[in-house]
Amino acid sequence: MKSHELLSVGLRVCGVILVFLGLRTISNQYMYLGMLSYNGDESIQVYAVLTVVEIILIFSLALTFLKFPNLVARKLLPQASEEKIELSKNGKDLLSIAFCIIGVYILSWAIPDLINNGMWLVHFSDRAYTSDSNYAETVIIQVTTVVEILIGGFLCFGASGLGSALWKLRGMESA
């Protein structure tokens, strides 16, 4: 099995997870928009548009990961990794692929959280809620989400370097 084929299996799994995340997002955003419309918020149309964009983004990524995983895998992996993966010989490549899959998974749920938390921050900032504990909690959650996106991006795009570093550490232990 080639390395991009192995990565495409993980991307398909992430696509299936994104479908479930998208369905959960629809129900959560429907509840949030219901609460905002009940409170008579003037900017509910902006929130509704952002909600639709978020849901379209989730399902388009899910469709891409499910329909074209080989294309995405070829874009994520370097061109030099076209040889076949044997678990006993190419552990570094397998480790890099595993980190890349974990990075894609982290990004798949962190980016929608970033949008959702951003919408709540805008809502809390428009009124006198900045002294409320919900505002401070949402700011902390948003900062955490940004850190998650940075970690996911590093794992996704720097996976081969991290895999090589861990492989070297593992080699030092056995020496």
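1. Contact here means heavy atoms within 4.5 Å. On that basis threonine 138 touches Asn117, Trp120, Leu121 and Phe124, leaving aside residues up to four places away in sequence. The model under review is a predicted one.

2. Threonine 138 has its place in helix 5. Its relative accessibility is 10%, and buried means under 20%, so threonine 138 counts as buried.

3. On the overall make-up, the protein has six helices and zero strands. Read from the N terminus, its elements run α-α-α-α-α-α. Of its 175 residues, 35% count as buried. The protein exposes about 10,400 Å², and carbon and sulfur atoms supply 67% of that area.

4. On contact order: among contacts in the protein with a separation of 6 or more, 81% are accounted for by residues 24 or more positions apart.

5. Helix 1 spans residues 3-38 and helix 2 spans residues 44-67; the two pack at an angle of about 170 degrees, with their axes 8 Å apart. Angles over 145 degrees count as roughly antiparallel, which is why helix 1 is described as roughly antiparallel to helix 2. Sorted by class, the contact of helix 1 with helix 2 comprises 19 nonpolar, six polar and two charged residues.

6. Leucine 63 lies in helix 2. At 54% relative accessibility, leucine 63 is classed as exposed, because the cut-off for that class is over 50%. Between leucine 63 and glycine 15 there are 6.8 Å in space, C-alpha to C-alpha, although the two are 48 residues apart in sequence.

7. The largest nonpolar core has 19 residues. Those with the most contacts inside this core are Leu7, Leu11, Leu18, Phe65, Leu76, Val104 and Cys156. At least two residues of the core come from each of helix 1, helix 2, helix 3 (69-76), helix 4 (91-126) and helix 5 (133-157).

8. Leucine 7, listed among the core residues with the most contacts, deserves a separate entry. Leaving aside residues up to four places away in sequence, leucine 7 touches Ala73, Leu76, Leu77, Ile97, Cys100 and Ile101. One of these partners, Leu76, is also on the list of core residues with the most contacts.

9. Two residues can be set side by side when checking the model. Threonine 138, at 10% relative accessibility, is buried, whereas leucine 63, at 54%, is exposed.

Technical notes. Residues numbered from 1 in each chain as written. Predicted model: local features only at pLDDT ≥ 70, side-chain atom pairs only at ≥ 80, totals over all residues. Heavy atoms only, no water. Axes fitted to C-alpha atoms, helices over the stretch in contact; angles between N-to-C directions. Helix = DSSP H or I, 4+ residues; strand = E, 2+ residues; numbered from the N terminus. Parallel < 35°, antiparallel > 145°, perpendicular 65-115°, else oblique. Nonpolar A, V, L, I, M, F, W, Y, C, P; charged D, E, K, R; others polar. Core = buried A, V, L, I, M, F, W, Y, C linked by side-chain atoms within 4.5 Å. Buried < 20%, exposed > 50% of the residue type's maximum accessible area, 1.4 Å probe, protein only. Areas by Shrake-Rupley, 256 points an atom, 1.4 Å probe, with all protein chains shown as cover.
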